[in-house]
Amino acid sequence: MHARHQAVLPDWLALYYQRPIEITHGEGRHVWDAEGKRYLDFFGGILTTMTAHALPEVSRAVAEQASRIIHSSTLYLNRPMVELAERIARLSGIPDARVFFTTSGTEANDTALLLASTHRRSNQVLAMRNSYHGRSFSAVGVTGNRGWSPTSLSPLHTLYVHGAVRGRGPFAALSDAEFTAACVADLEDVLGQVHGGVAALIAEPIQGVGGFTSPPDGLYARFREVLDRHGILWISDEVQTGWGRTGEHFWGWQAHAAAGPPDILTFAKGIGNGMSIGGVVARAEIMNCLDANSISTFGGSPVTMAAGLANLTHLLENDLQGNARRVGGLLIERLRAATAGLDAVREVRGRGLMIGVELVRPGGERAAPELASAVLEAAREDGLLIGKGGGHDTSVLRIAPPLSLTVAEAEEGAAILEAALTKAVAGARPDERRNAL
Ligand code: PMP
């Protein structure tokens, strides 16, 4: 299968693992490959499996809807789309909210940028350093993480600001309050140099692909004061942080609550539990600024909407946000304890079931992408799937299981990860190994 994949798919379609995995089926927090091997899934199919694999309610809803009709057209009324839109509008916290469905996170961000630039009559936008918002022409233009945006001849003029990553530079030693003040000053400084209006700031509340890095709580509230003064819209990209994944909050923006809801919120990934749903929520005044008939054929198709409704109902009725808080909290503690003696681990960070383990080379200063890959391989051998990401090369292990993870599964996964880290560090080249354990 791998050879056939290589022969017909693009070279840049990256695959994890030296011997890539072909997934055949799943159940709960587990998936199986074509060789019959079972894996505990700590990456939730890259966060697309929000609740559980093969959740019966979702499978049933999809089958029932598919047996009636699978068409897709926004030209006719569509009950599941209206019902899901009503529920998301209520949950969003945005007053007088309108919801527009797309098929992906990229398309959702594209639409958000289209709305903001049309509303503000400007193609200038602010984005965060180290960000990831997708790879369409405009999404690439607000993706600060260069490794993920190889071409950036974007139609937008983007200004990148500090806030999401403290990194190893001049900000490293600052307290949260000092860092926040420095970032606000940086934002003011950038805006002081701009000619004409700026449409929006687009930001992930916790950076996903960038390595699960968070700004200090409240940073976007402080940004909001500046943005409001300039009439700039705030777009919160909740593609990874939405639906209770962070445990404490339903949306990532709520960690900055004084800022109130964003002007525009984008979502995708988990809501469809694997079906392709993305979307944009905005106040009616912003959403309705487009002079267009319809901008997506497949967005809001009844089968995906039926999946989304069943999945959201399951999430809310079973308080999976609370589960993410409880089990995620235990998992973070367990991982911190397990890695406390490992010099190769710079930090275990995160919220709820969005946990990053940042790896470094001996001495602690440099990124360790080879080590991250070795940990992924070792964990896979022992039946655990995790992800990787990060701005400084790819040195952050990313853990984002389905939100129904049990305590026993968290314990099991943490033990496999601990063993994989130990094995990978021991297997590192001798010069890398010094001080690494
Ligand atoms: N925004 C964020 C924060 C993401 O993590 C991603 C996907 N990794 C996207 C947008 C793009 O979503 P999609 O791949 O569904 O287009």
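**Entry 1: helices α11 and α13**

I began with α11 and α13, which are roughly parallel to each other, because angles under 35 degrees count as roughly parallel. The model I am reading is a predicted one. Helix α11 covers residues 320-339 and helix α13 covers residues 407-427; I found that their axes come within 10 Å and cross at roughly 25 degrees. I noted the crossing of α11 and α13 as right-handed. I then listed the residues that make the contact. From α11 they are Val327, Leu330, Leu331, Arg334, Leu335, Ala338 and Thr339. From α13 they are Val407, Ala410, Glu411, Ala414, Leu417, Glu418 and Leu421. Sorted by class, the contact of α11 with α13 has 10 nonpolar, 1 polar and 3 charged residues.

**Entry 2: helices α7 and α8**

I turned next to helix α7 (residues 176-192) and helix α8 (residues 219-230), which pack at an angle of about 20 degrees with their axes 9 Å apart. This angle makes α7 roughly parallel to α8. I recorded a right-handed crossing where α7 passes α8. On the α7 side I listed Thr180, Cys183, Val184, Leu187, Glu188 and Leu191. These meet Leu219, Arg222, Phe223, Val226 and His230 in α8. The residues of this contact divide into 7 nonpolar, 2 polar and 2 charged.

**Entry 3: helices α4 and α10**

I looked up α4 and helix α10 (residues 302-317), whose axes lie 8 Å apart at an angle of about 40 degrees. The two helices, α4 and α10, are therefore oblique to each other. I noted that α4 passes α10 in a left-handed crossing. From α4, the residues Pro80, Met81, Glu83, Leu84 and Arg87 take part. Their counterparts in α10 are Pro302, Met305, Ala306, Gly308, Leu309 and Leu312.

I followed the strand order of an open sheet of 7 strands and wrote it as β4-β10-β9-β8-β7-β5-β6, with mixed pairing. The edge strands are β4 (97-102) and β6 (157-161); each has a single partner strand, so one side of each is left without a neighbour in the sheet. From one strand to the next, the twist averages 20 degrees. Within this sheet I checked strand β9 (residues 264-267) against strand β10 (residues 278-283), and they pair in the antiparallel sense over 4 bridges. Threonine 266 has valine 280 in β10 as its bridge partner.

I then asked which helices pack on this sheet. Helix α4 (residues 79-92) does so, touching β4, β9 and β10, and its direction makes about 125 degrees with that of β4. Helix α5 lies across β4, β5 (124-128), β7 (200-203), β8 (233-237), β9 and β10. I noted that α5 runs at about 25 degrees to β10.

**Entry 4: the surroundings of the ligand**

Which helix gives the most to the shell around the ligand? I found that helix α5 (residues 105-120) does, with 3 residues. There are 15 residues around the ligand, and those that come nearest are Ser104, Gly105, Thr106, Gly134 and Val239. By class, I recorded the shell as 4 nonpolar, 9 polar and 2 charged residues.

I traced strand β1 (residues 23-27) to strand β2 (residues 30-33); they run antiparallel and 4 bridges join them. Glutamate 27 stands opposite histidine 30 in β2. The hairpin formed by β1 and β2 has 2 residues between the strands, and glycine 28 in the turn has a positive phi of about 60 degrees.

From β2 I continued to strand β3 (residues 38-41), and the two pair in the antiparallel sense over 3 bridges. Here histidine 30 stands opposite leucine 40 in β3. I noted a hairpin of β2 and β3 with 4 residues between them, where glycine 36 in the turn has a positive phi of about 90 degrees.

I checked β11 against strand β12 (residues 354-359) and found antiparallel pairing over 6 bridges. In this pair, arginine 351 stands opposite methionine 354 in β12.

Notes:
Residues numbered from 1 in each chain as written. Predicted model: local features only at pLDDT ≥ 70, side-chain atom pairs only at ≥ 80, totals over all residues. Axes fitted to C-alpha atoms, helices over the stretch in contact; angles between N-to-C directions. Parallel < 35°, antiparallel > 145°, perpendicular 65-115°, else oblique. Left-handed = near helix turned anticlockwise from the far one by under 90°. Contact = placed C-beta atoms within 7 Å. Nonpolar A, V, L, I, M, F, W, Y, C, P; charged D, E, K, R; others polar. Near = placed C-beta within 6 Å. Pairing = 2+ DSSP bridges.
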